[in-house]
Amino acid sequence: MNTYDIVIIGGGPAGLAAAIGAKDAGCERILILERDAELGGILNQCIHNGFGLHTFKEELTGPEYASRFIQQVIDRNIEYRLNTMVLNIAEDRTVTAMNRVDGVFTLQAKAVILAMGCRERPRGALNIPGYRPAGIYSAGTAQRLVNIEGFMPGKRVVILGSGDIGLIMARRMTLEGAKVLCVAELMPFSGGLKRNIVQCLNDYNIPLLLSHTVVDIQGKSRVEGITIAKVDAQNKPIPGTEIHYDCDTLLLSTGLIPENELSRSAGVAINPVTSGPVVAENFETSLSGIFACGNVLHVHDLVDYVSEEATRAGQSAAAFVAGNALASDETTTLHIEAQSGVRYTVPSTIATTRMADKLIVRFRVAAVYKEHYINAYLDDGTRLVHQKKRIMSPGEMEQIILKKDLLLAHPAARTLTIKIEQD
C-alpha cells in the first residue's frame, strides 16, 4: 500500500490550491486524485472572463485561471492521477480508488483533503409536470456542450432559475445565435451575482421574471413549448397568470449541491443547510485529519474565495501531518450560531487558541436586506461586529472578520451568534 502525507480528492480549483498550500507549507508527499481527463475542474468549460480579480489582480477566463494553478502544481512536482475515481474514504484515512491503468488500489494518507466540488440539482428534484422530451438540459451541461463539444442545444430557449450558470448561459446562447426568451426564477430575488444580471440579461434585453416557475412542458419527442406562471408566497402557481413560450430548449439553473457522498460514507458530519461538511476554523471536519474546502464545503460565488480557503486548508493539513497543529480543546472552542436571517456560517466552530490573528467567517443571508447591519454577539452580550450593508441578497456571500485578541479577551465565551438586524 502506498503511503502519502496528503491525498487530495479532486483536481479542480480547490484541490489545486490546497495542494500548493500544503507543498509551500513544507509537506512533501502529496497526491491529487482527479476523475476527469485533465486538471482544472469546472473552470475548463467556463470560457467567460471575470476570474482572478482578487487572486491575480487581473481579469482572466476560467481556463486561464486554472492553468496558472496547474502550472504551479507542475512546477512543484506535485503528483496527480487523472481518470481516477475514488470509491471510499475510511475513518483511518485509507483511500480506495480505481482507474484503467492501476485497477482498484488503496492508499494510506496521513491527511485527506476533500475537494470534490458540486453538481447541479437535476430535473427530478424540481417536480415539473410534463413529459420527458429531448431539449431539457442543466445549464452546466449546456455550457459544456457549447464551450467544449461545439454543439448548440437549441435555438429558442427558456431558462428556469437565475443561478450564475444560468445567467451566464443566457448570454452565451445569445452570442451563439439562439433566442433566449426569458429567465424565470421561483424566488422573489435572483440567485446570481448582481453583475451577472446586468451583464448577461440587462445588456441583452433578456427579461428576468421573478416569482415565476415552469408549470408545463409541451412536446413528447422534443420540447415544443413551455408554460410558466407566477407563484404566490407559498410558491404555488397562481391560476390565470400563465405565459406560454414556443421554444425547443429548457435550461435548468436551479442550484448546486456539494458532492458529499464520499464524505457521508466516511462518517463526516454534514451541515443540513449547506449539504457540506461541518468544519472548524482550520477547515478540519468532524473526523481528525480529514479537511474540506471549495464547493464541496459550501457553494461559493467567486473562485478566488475557493482558492483562498483551499490554500488555508492545505496549510492546515500540512500542519496536521507535521504534528504542529494544536488539538481542539472544547474549553476554548467557540461555536458559531446563525440566526435572524443568516442561513449558515463557514466555519462552524473556532478553536480560539489555534486560530490566526484574523479569521474570515463567510455566510449567506436568507432574503434581501436593505440598509441592515451584520451583528456578531458573544454569549455574554458583547457585540464584536457591527457592520452596515447597503444591500445583502442570498446570491452573494457575505463575510465578517474576527480578531483573535478580541476573542481571547473573553475566555469564558462559548457561543458567537451572527444576526442580520436593523440597528
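Q: How many cavities of 30 Å³ or more does the count come to here?
A: The count comes to 1 such cavity, where a cavity is a set of points on a 1 Å grid over the protein atoms alone at which a 1.4 Å probe fits but cannot get out. This is a predicted model, in which local features need pLDDT of at least 70 and side-chain atom pairs count only at 80 or more, while totals for chains, interfaces and linings use all residues. Residues are numbered from 1 along each chain, and side-chain values use heavy atoms, without hydrogens or water.

Q: Okay, how much space lies in the largest cavity?
A: About 40 Å³ lies in it, counted as the space filled by probe spheres set on the points.

Q: And which residues line the largest cavity?
A: Its lining is made of Phe283, Glu309, Arg312, Val346, Pro347, Ile360 and Arg362, each with an atom within 4 Å of a point. By class, that lining has 4 nonpolar, no polar and 3 charged residues, with Asp, Glu, Lys and Arg counting as charged.

Q: Switching topic, what volume has the second largest pocket?
A: The second largest pocket has a volume of about 380 Å³, a pocket being an open set with protein on both sides within 12 Å along at least five of seven lines.

Q: Which residues are closest to its centre?
A: Of the 16 residues that line the second largest pocket, Lys194, Val368, Ile391, Ser393 and Glu396 are the closest to the centre.

Q: How does that pocket's lining divide by class?
A: The lining of the second largest pocket divides into 8 nonpolar, 3 polar and 5 charged residues.
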